[in-house]
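User: I'd like to learn how to read a model like this one. Could you walk me through it, feature by feature?

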Amino acid sequence: MDTQVWSQFIRENWLVIVIALVLLFAVVNLVKTMLKWAIVIVIVAGLLVYSGVTIDQIGNAVSKVKEETVGTLKNEAQEVMLKEARDAVYTSNSDGTFTITTPNIEVKGTAGEDKVNVTFRGVSLGQWSVNETVKSFIEEARKAQGANQ
């Protein structure tokens, strides 16, 4: 995207941009539910569409932000796994599944499988392959459970 085009757009439509920003700040400060984020997205999308940005460009930007956010959450979750492994509660079920819970993480899986479901601070991060970090987290949780029994 050309900076001169954006500069020209801002000069020509500064009033619309100011109104959109005031609406965004009002929504973020006054609305306290998840609806707030839906309204914010609608306002930003409306402003972008008004500016001439295509849906493909918006989709690419959203995908990129989503990938970066999930990547950041995964990295943070792995760091927390290592820190909270000693406090983990390992629960083994009769059907071969297990659940490991800590204050911030929940890992569910089946013994012997390569995939586990990870939830970090109440947000599902989907299925993860059992890498070295996850494997050591599971082993540490088992050791902690064995020591507590």
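User: Let's start with a turn. How many residues join E2 to E3 in the hairpin?

Analyst: The hairpin from E2 to E3 runs through 3 residues. Before we go on, note that this is a predicted model, where local features need pLDDT of at least 70, side-chain atom pairs count only at pLDDT 80 or more, and totals for chains, interfaces and linings use all residues. Residues are numbered from 1 along each chain as its sequence is written, and side-chain values use heavy atoms, with hydrogens and water left out.

User: What are the elements, and in which order do they run from the N terminus?

Analyst: Helices (H or I, at least four residues) and strands (E, at least two) are DSSP runs, numbered from the N terminus. Here you get 5 helices and 5 strands, in the order α-α-α-α-β-β-β-β-β-α.

User: Which strands does E2 pair with, and in what sense?

Analyst: Two strands pair if DSSP finds at least two bridges between them. E2 (residues 97–101) runs antiparallel to E1 (residues 89–92), with 4 bridges. E2 is also antiparallel to E3 (residues 105–110), this time through 5 bridges. To find your place, look for Thr-91 opposite Thr-99 and Thr-97 opposite Thr-110.

User: And how many bridges join E3 to E4, and E4 to E5?

Analyst: E3 and E4 pair antiparallel over 5 bridges, with Glu-106 across from Thr-119. E4 and E5 are antiparallel too, joined by 5 bridges, and there Phe-120 faces Val-123.

User: Which residues in these hairpins have a positive phi?

Analyst: Go turn by turn. The hairpin of E1 and E2 has 4 residues between the strands, and Gly-96 takes a positive phi near 95°. Between E3 and E4 there are also 4 residues, with Gly-112 in the turn at a positive phi of about 90°. The E4 and E5 hairpin has 2 residues between its strands, and Arg-121 has a positive phi near 50°. Arg-121 does this although it is not a glycine.

User: Is Thr-99 buried or exposed?

Analyst: Thr-99 counts as buried because its relative accessibility is 17%. A contact means heavy atoms within 4.5 Å. Leaving out residues up to four places away in sequence, Thr-99 touches Val-89, Tyr-90, Thr-91, Asn-93, Glu-106, Val-107 and Lys-108.

User: Which residues have the most contacts inside the largest nonpolar core?

Analyst: In soluble globular proteins, nonpolar side chains tend to be buried together. A nonpolar core is a set of buried Ala, Val, Leu, Ile, Met, Phe, Trp, Tyr and Cys residues joined through side-chain atoms within 4.5 Å. The largest one has 20 residues, and Met-81, Ile-100, Val-107, Val-116, Trp-128 and Phe-137 have the most contacts inside it. Helix H4 (55–84), E2, E3, E4 (115–120), E5 (123–129) and helix H5 (132–148) each supply at least two residues of this core. H5 gives the largest share, 4 residues. Another core, of 5 residues, lies apart from it, and includes Leu-24, Val-27, Val-40 and Ile-43.

User: Which side chains meet in a salt bridge?

Analyst: Side chains of opposite charge can pair when their charged atoms come close. The rule here is a side-chain nitrogen of Lys or Arg within 4 Å of a carboxyl oxygen of Asp or Glu. That gives 1 salt bridge, between Glu-76 and Arg-121 (2.7 Å, N to O). It links distant parts of the chain: Glu-76 sits in helix H4 and Arg-121 in the loop between E4 and E5, 45 residues apart. Glu-76 counts as partly exposed because its relative accessibility is 29%, and Arg-121 is partly exposed because its value is 47%.

Notes
Buried < 20%, exposed > 50% of the residue type's maximum accessible area, 1.4 Å probe, protein only.
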